[in-house]
Amino acid sequence: MNTAHATTAVSKSRLVENFPFPFTADRYRYTTNVEPAASTVATAAGHWGGAVVDIDGEYRAELDERAAILAADPARHVVLPHMRPAAWDAMLTLMRALAQAYPDQMQLRSTGPDTWSWRNAILGIEQSFRYGDEASLGMEPLRYIASQVQEDIVLLDQRGDALYIDAGVVTFAADWSFGFDVGMSFLEIHGPVPRIRKEGIIIRAHEFLKRLQPHQPYRRTNWTMTIGRRLDVSTELYPEWGPDRETIRTVDDAEFGRAVHLRVEVQHLIRLADSGALMFLIRTYLLPLDELATVEAWRVRTAEVLAELPDDMAEYKGIGKYRNRAAQWLRDHGPHAAADNDRNADVPADQHGGLPSWGLPHWPPYPPEVDTAGAAYLVVAIGADVTTGRVARDWVAAASSAGPTRLLVLDTLTHDMDRTALTGALDESITGTRILIVGGQGEVMWALSVARAKGAIAAELTAYVVHTRDLLAYCAHCAQTTLCQAAPGDIVDCPGCGRRIEIHAHHSSVRGSFLACAAAGEESA
Amino acid sequence: MTAAAATGAVPASGGEQLDLTLTVTAITAAAQGIRTITLANADGSLLPGFVPGSHLVVHIGGHANAYSLVSDGTAPTEYRISVLLVGNGRGGSRCLHRDVTTGDELRVSTPRSAFAPIARARKHLLIAGGIGITPIVSHLRAARRWGRETQVLYTFRPRNAAHLDDVRELTDGAAELFTCRTDFMTRLRVVLRSQPIGTHLYVCGPAGMIDDVLAAAVAVGWPPSRRHSERFGADVLDPGEPFRVRLTGTDRILDVDSGISLLDVLEQNGISVPNQCRQGVCGECRLDVCAGVPRHRDLFLSEQEKADGTAIMACVSRAQEGTTLEVSL
């Protein structure tokens, strides 16, 4: 049985009716805007929010698009080994949510201890499986369920008082790279967002998430703008969609209203009951300005918000080049256009963007002391710099009086032998060991990421960089990581794909590298 | 196992603790002074799942005590807890040992997770003392299901050992058992010095035993985020003391009982207050305090604002028992 939906002729009124309009005031600032989930919100045009999952007229089209994106770039789907239980948990939880919200089309039945039967009548799927047994399902479980919901799925592991983005299927990222960010902590990922650190917003959100209990889902909304009805605006594909931010400035008004979309994410935050992991569901909605303007309350408020938005926030959202034209367009396209222009906020000229400068590693200004509470010590000195040798000797002297100490001297981790020596030394270390690393920035970040992969945690690691002349750059387009003599903001050639890539001020301590993507003005391959 | 529709999820209404009324389906004597009680829905339907190491809060005879779940938390149709009879306790365990029989109904909270296994641990070192074995059994079930590496040391008084069969079965006989505390501590010190990097330590038992184990771990360099412990009695949710609130605008006085929030009381009395998260993080339900001393339980106000005492987050914060708080409303 196959109930195909007519999704190509999208019902315009439906998009508006269920659109989760995000603005509750005439100005927008970041807040910890979490609220209990699964309660319906009435809007000026209709309603949204009754369940944690949402299937609409775009169901088949978006699932097809996700499948195409995953086929072209499998790196959008990652489940780190320790997240296997969470992936199963997420799948079963989403099946339950679908069955609860759409009982006529979705059914989940228990057929015995650990065995289940799943039915999705919209896609014509009947599947039996055993919980935890991938062979019985025929596919990795997170991938399996991601092929049946429009939401992007991210799973976070909670450990050591922090949350880590350790699994997910993300095909509709709004200007970030899931492939690069996998393994990062919640706080690291939000490093580049302006203002929220100073105002404590991200800390509060972090504390809140850590306390979430199962069976009590929460939600929040996020917004930005996208040129064209384009779901996948990930960093990986920046060369394809980035130039639109420039060319939109030159189109006529009719085209502007059709092309510029308000993009809203409804995010559900759910503590999974079996694995204890946190699941973020990110459901993306796009509405073009010309349809947004048909709802008077939305037209007026959106114009206000866009005109008043501070420059740093507009830059971070990537809308700095056209948000003021968008505000003016909305004011000009109402029933009483003239009256709108007496409104509160003036519409200044659009700005040109610059790189935000958050998301850089913080290095100590002088070599940190040895933690004498350790049971054993491993000192790693990388490179021939004179300072490196001096710091390593001082550390060895201090550590030896606290416990058995081992010194490892390496040239560079670009040499296989040196990498093998490092992993070997880590394998021989017991819990209770403190690891101290000194060298140039690129090598130190690399060594730290190797130690973390072996299970070492922040409390066990100490690092000092003797210079910041180099770093590891991760190319968002070909995924190659290269040791470069460069700094954030510089443009280098990627040896993997040949593109000219700009190094961002956004690093992953898990990878030990900085994100780099095609420089503005670079033609797409 | 029935073929019942698997929508066992309890509907959410944010922030409040949801209670279940369950039937006692089995009671067994696990050891001297330890009773294992099995609970289920009257119709045998699915119960909310739970993370390993979770506990239930059982409401009985005016008491609210927390007990770790020893059964499997994946799509469960029953909850099983083991209760130690505590002679000089507040009486909750006494009620559960003397007054409860099969077929009785008990009111319990939905399971709360406070002692979860670390997914990324390379190895789990599980240390249990006496009744502290209960959350460890839960951890071992999950470890068996997902193929995790574990090592167990279990110390107990000879006749008070609960779940020995479970522990032996779930560790294929490798668990080390001790009836002498000195032997246990000697062996523990050796074990603590020989774990690969990436191991996590979990300990549950009487407070003194936990303190000794943690001190031994600290002495050989185990950092805080590798050490996890659960102390019984400390994790029960605090319903707060009753107090009164006076609304300066209308001169109304309302009682805020234990177990209900100031925000709830205001709403029940027809007074609407802006709110969103109902958990003390978003800042929407802030009220100005004119008199009285707030007891802050939120995550929104700064330390300075809390010290000034001129604002309160109505959804979670309270006042001292028996006092009257005055707010501008």
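**Figure 1. Salt bridges in the predicted model.** Over all chains, the count of salt bridges in this predicted model comes to 44. Side chains of opposite charge can pair when their charged atoms come close. The following views present individual examples.

**Figure 2. Close-up of the salt bridge between Arg229(A) and Glu58(A).** The two side chains meet with an N to O distance of 3.4 Å. This pair links distant parts of the chain, its residues lying 171 positions apart. Arg229(A) belongs to the loop between strand 10 (218-227) and helix 9 (238-241) of chain A, whereas Glu58(A) is found in the loop between strand 3 (47-48) and helix 2 (59-72) of chain A. Arg229(A) has a relative accessible area of 41% and is partly exposed. Glu58(A) counts as buried because its relative accessibility, 8%, falls under the 20% limit.

**Figure 3. Close-up of the salt bridge between Asp73(A) and Arg76(A).** The closest N and O atoms of this pair are 2.9 Å apart. Arg76(A) has a relative accessibility of 3% and therefore counts as buried.

**Figure 4. Close-up of the salt bridge between Arg119(A) and Glu126(A).** The side chains meet at 3.2 Å, taken from N to O. With a relative accessibility of 25%, Arg119(A) counts as partly exposed. Glu126(A), by contrast, is exposed, because its relative accessible area of 58% is over the 50% limit.

Terms used. Residues are numbered from 1 along each chain as its sequence is written. Chains are lettered from A and ligands numbered from 1 in the order in which they are written. This is a predicted model: local features need pLDDT of at least 70, side-chain atom pairs count only at pLDDT 80 or more; totals for chains, interfaces and linings use all residues. Side-chain values use heavy atoms; hydrogens and water are left out. A salt bridge is a side-chain nitrogen of Lys or Arg within 4 Å of a carboxyl oxygen of Asp or Glu. Helices (H or I, at least four residues) and strands (E, at least two) are DSSP runs, numbered from the N terminus. Buried means under 20% relative accessible area, exposed over 50%, partly exposed in between (1.4 Å probe, protein chains only).
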